[in-house]
Amino acid sequence: MKTPERIDLDVKQLNALLKRVKELLPPEDYELIKAMADPIYLLSQSVNNKAASIRRLLRMLFGATTEKTGKTKAHPKKKNSVKAKKGHGRKPAKDYTGAKKVRVFHDTLKLGCLNPHN
C-alpha cells in the first residue's frame, strides 16, 4: 500500500464535499463516508496544531479505556504465581539472640512425616 497523499481541507470544504456526496449516494453510504471523514478531519487538525500526543489521538479515535487488562475475566491472574518467602515474619530469626533452643522429640512423628490430622 502506498503512502496516501496529504490533502488539507478546511471545515467549509469538508462540508461541501459531504453535501455533494449526500446527493449522489444512498443514505447508508453517505453515513459511512461521513463516519470516515470526521475522524480524518479531526486527526488532520490535531496534527496541524502539533499539540496532540499519540495517547491523546488514540483517546480521540477510540474513546478512553475503562478497564485495566489485568482485571478482565479473559486474563485471570494465577493465584500460585508468587511463591511465599520462607521466614516471612517481621524480624529474622537471627534477631532473637537471647532465646534458648530446645529440642522436643515425639514418639510417633519424625522429621519429614506428613501431618496425621490432614
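Leu-57 is buried, with a relative accessible area of 15%, where buried means under 20% relative accessible area, exposed over 50% and partly exposed in between, for a 1.4 Å probe and protein chains only. This is a predicted model, in which local features need pLDDT of at least 70 and side-chain atom pairs count only at pLDDT 80 or more, while totals for chains, interfaces and linings use all residues. Residues are numbered from 1 along each chain as its sequence is written, and side-chain values use heavy atoms, with hydrogens and water left out.

**Fold and confidence**

- The protein contains 3 helices and 0 strands, and read along the sequence it follows the pattern α-α-α; helices (H or I, at least four residues) and strands (E, at least two) are DSSP runs, numbered from the N terminus.
- The mean pLDDT of the protein is 76, with 75% of its residues reaching 70 or more, pLDDT being the predictor's confidence in each residue, from 0 to 100.
- Confidence is highest in H1, at a mean of 91, and lowest in helix H3 (residues 54-62), at 72.

**Burial and the nonpolar core**

- Of the 118 residues in the protein, 8% are buried.
- The largest nonpolar core has 5 residues, namely Leu-14, Leu-18, Val-21, Tyr-30 and Ala-37, a nonpolar core being a set of buried Ala, Val, Leu, Ile, Met, Phe, Trp, Tyr and Cys residues joined through side-chain atoms within 4.5 Å.
- H1 and H2 each supply at least two residues of this core, and H1 gives the most to it, with 3 residues.
- Leaving aside its neighbours within four places in sequence, Leu-18 is in contact (heavy atoms within 4.5 Å) with Tyr-30, Ile-33, Lys-34 and Ala-37.

**Largest pocket**

- The largest pocket has a volume of about 430 Å³; on a 1 Å grid over the protein atoms alone, a pocket is an open set of points where a 1.4 Å probe fits, with protein on both sides within 12 Å along at least five of seven lines, and lining residues have an atom within 4 Å of a point.
- Grid points are joined across faces, edges and corners, and the volume is the space filled by probe spheres set on the points.
- Of the 16 residues that line the largest pocket, Ile-7, Leu-9, Ala-37, Ile-40 and Tyr-41 are the closest to its centre.
- Helix H1 (11-24) and helix H2 (27-49) are the elements that give two or more residues to this lining, and H2 gives the most, with 8 residues.
- By class, the lining has 13 nonpolar, 1 polar and 2 charged residues, with Ala, Val, Leu, Ile, Met, Phe, Trp, Tyr, Cys and Pro counted as nonpolar, Asp, Glu, Lys and Arg as charged, and the others, Gly among them, as polar.

**Residue pairs across the sequence**

- Val-11, which lies in helix H1, is partly exposed, with a relative accessible area of 41%, and its C-alpha atom is separated by 8.3 Å from that of Tyr-41, 30 residues apart along the chain.
- Leu-57 is found in helix H3, and Leu-57 and Leu-42, 15 residues apart in sequence, are 9.2 Å apart in space, C-alpha to C-alpha.
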